[in-house]
Amino acid sequence: MTHPDFELLRREPVAALKLTVESYRHRATGARHVHLMADDPHNAFLVAFLTVPQDSTGVAHILEHTALCGSERYPVRDPFFMMLRRSLSTFMNAFTSSDWTAYPFATQSRKDFDNLLRVYLDAAFFPNLHALDFAQEGYRVEFLDPEDPQSELVFKGVVFNEMKGAMSSPSRVLSQTLSEQLFPTTTYHFNSGGDPEEIPNLTWEGLKGFHARYYHPSNAIFMTYGEIPAIEHQTRFQDLVLSRFSENLGAFSIPDEQRHTAPLSVTGHYALDGAEELTGKTHVVLGWLLGRSMEMESLLNAHVLNGVLLDNSSSPLLQLLETSELGDAPSSLSGLDDSGRELVFVCGLEGSEPEHAEAVERMVLDLLERLAEDGVEPERLESVLHQLELSRREIGGDGLPYGLKLLLNALTPAVHGGDPVAALAMDDALNALRERVKDPDFIKGLVRQWLLDNPHRVRVVLAPDPTLNARQKEQEAERLKTIRAALDEAGRQTVIEQTRALSERQELPDDPEILPRLGLADIPADITIPEGREERVGQLPVFWFKAATNRLVYQQYVLDPPEMSEEALELLPIFSTCLPEVGCGGRNYLETQAHQSAISGGIAARMGLRTSVDDLGRFRCVFCISGKALSRNQQALSQLLRDTLETARFDELPRLRELVAQMRSSAELRVTENGHVLALSAAGAGLSPVAALNDRWGGLVAVKRLKLLDKALDDPQELAAFAGRLESLRDRLRQAPGRMLIVGEEEDFADFAADLAGHWGGRPLASGSQGGLDAGPLAGPAMRAWATVTTINFCARVHKTVPYGHPDAPVLAVLGLYLKNGHLHRAIRERGGAYGGGAGYDSDTGLFRFYSYRDPRLEETLTDFQHALDWLIAGKAETRALEEAILGVVGLIDRPGSPAGEAKRAFHDALYGRLPAARRAFRTRVLEVTEADLRRVAEQWLAPSGAGYGVVTNAEILEQRLGAEWIKQTL
């Protein structure tokens, strides 16, 4: 049945995804609705608009923030964050892409879905766009002393500071530089998130005009997934939004980019403060503009070409980049970008030199010439098709809800005039692709047409500049001086009055009852926890979990690491990364990589680490090697896992050298993206054994140690010794007892059980031991500060509290959201201008943690952490705050993953003592928390004297603003 105001354009069942895709158009406005009808109570929604910025002021990004600051029906100052506290949503957010803006959510509650839909639709189509919200979320100028017009001016604003942090990343600068050159005339030329130098050029009037232009139903697409019928959604769309519009203004579109007539070469720079040595720090990449992303044949051809060239280390282009002496590692940008109107293919090196640019380009083009002449072996094409089949069939949902992921997959073609149904109902297109690849000239032709004979190619050289940040800081200071000099007395008073008005607005209490809500009575009585069965296959304990995996099988072998030396302990994370990347089973690493791709979705190895449920001084560590495959390949996957664990080769020394260089490069690039995680790691390192090991394995101390190792391995003797240590660790681990986890469809289990005995039956018997690792003595609370290349700060404060099984653990979980909702969000984000901040209990370590992310402040934020506790003790919160915090914690506990992910979580939780009864008891205790409980645990466990502190900042702040009480280190 179709709503009378909509017309059905197309309906098509998609058996592979177990859903039916329906496409509709609103008769009056032309608004589009794509509905994915599925037998799934986990419903999802988004509304999106094609947004086409014509500058780098970040107008689309700032509008996305400001639209969520109050609307016509819901005139509260912060409905988005308030609804986070009044909902059991499994996902709530808003996205600004390079060419679209979307407002998505997902929830398992029908009442919650209706509540969120009302708020989201009103925010998108009828926002208030208050001038003070624009000043808070976008940018503003204030006097350094807000009441002193003689003091200096400073820029503030959430997006302004967010983008300062984002543009501190070399990979982000590289991506933007490349995009500017590949797209000289269309919207992709500009930084849609906003360039900090350009953001202050945006006006409030410009923001409102952008909304009026692009946020019209004619330019909108509504997308829904789940069991709610399309007609119910359309009734809501019509009643809440579309009935107020009668005109079809037509959807916007982006033209194809004007093609270059010859390849271009450009040089740019990124900031590398205080670097004495600039060699080996340059990025060299090549980028090509290909076909249209919404044309299914071009899209699939491009994915095949990308897979043939870059799928794994045996792929010809990736092998070339990994083994080249012209750089340290393949560029993090390497691959196919299908997120815009036109496809972009990129490859290149990081850790290179400016003078190597010509050689890098020639090296890549020479390889492409050989491929255009000789093609590739059929087995490689078959592996790429296998990967496409596997990724299409897999039911995800462990990060993004599965339904929302499908909607986003269809969004790019939808906003560019393509067929969103075809983006999901791909069976015919995949069958046609299989016919095309049978042509021996298929890959040869793509390489020739899209890469070699394509003049729209850009080479970007991005070199380090140790003075760039200082110059940009000086330019910003000069700009502010110019603004200040132009202010007369009335202008200065206007700045002061705006600052006061914003501060007063931030402190005004909102009436939350304007917004719809869920209450504690809406919380489901229980949670669903998958149950498996254990049986012996030979000596091996095997845990079988039945799940709706769409005929994929997931296998994990989980062992208990034995007691080992300090040196071996620090080597574990490096060993884990190397293990799936080297040769095994009598194959070299290239043959192994090709074999992995042919029969599996990849192999991974990692450590798992959690505290005991009843004692923070004890912990369990496991080593896990895992993989996934189509059910027809489950036996081959099992053999590959055992080969990887037992026969991994560490005698291919050049391969080890490449892997360490890639690890070091990747770790350095991630610092500014994960600064808050690294600050938290430093702050907690002395407080619990698990936190200490996490910091040694993944904190900034580990990044620094990795840099030293990378440098040392230039010595052939050091490299050989390193290989020997890896071999010794492999030999220790393969003798350790373990158990096997199998997740899949029950119909696939019977054939597999007998085969397991052959592959794994001879393994050592699992003893139930907690393993033999020792974290060593704890240093206790300390103040640790790290300097890196950043224009923004990351702050943390951490306390040792209680283990998961302690009665106060659920109280602390509630306390985290209570402090974030009631005090920290306002203090750190709204007043302080940081992109994010909060607090929470970490059951893995037994620590309670405060943090800020992309924060222009430092000392003030550390003070605000304590002010949050003072606010709590003073009892200033409203009575609804406790219920909202409880609702939020239960929402996190109940948030579902994929069917396979839920099974894996149940298995690993039980392994660490978080049995179903313990998980349910924790959840029940959350529901019983009182305000008195919150104040009691804060006073008992969160005293300032026991706190550890961590800061990630830049060298100037480290030396000039942090005192002798801080332990200071430079990355």
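How are helices H9 and H10 oriented to each other?

## Helices H9 and H10

H9 and H10 are oblique to each other, because their packing angle of about 40° is not under 35 degrees (roughly parallel), over 145 (roughly antiparallel) or 65 to 115 (roughly perpendicular). H9 covers residues 296-310 and H10 residues 316-323, with their axes 4 Å apart. Axes are lines fitted to C-alpha atoms over the stretch in contact, and angles between N-to-C directions run from 0 to 180 degrees. Helices here are DSSP runs (H or I, at least four residues), numbered from the N terminus.

Val308, Leu309 and Leu310 of H9 meet Pro316, Leu317, Leu318 and Leu321 of H10, where contact means heavy atoms within 4.5 Å. This contact has seven nonpolar, no polar and no charged residues. Val, Leu, Ile, Phe and Pro are among the nonpolar types, while Asp and Arg are among the charged ones.

## About the model

This is a predicted model, in which local features need pLDDT of at least 70 and side-chain atom pairs count only at pLDDT 80 or more, while totals for chains, interfaces and linings use all residues. Residues are numbered from 1 along each chain, and side-chain values use heavy atoms, leaving out hydrogens and water.

## Helices H30 and H32

H30 (residues 880-894) and H32 (residues 916-927) pack at about 165°, with axes 9 Å apart, and are therefore roughly antiparallel. Their contact residues include Ile886 of H30 and Phe922 of H32; seven are nonpolar, none polar and two charged.

## Cysteines

The whole structure has zero disulfides (cysteine sulfur pairs within 2.5 Å). For Cys621, the closest cysteine sulfur, in Cys624, is 11 Å away, too far for a bond.

Notes:
Helices (H or I, at least four residues) and strands (E, at least two) are DSSP runs, numbered from the N terminus.
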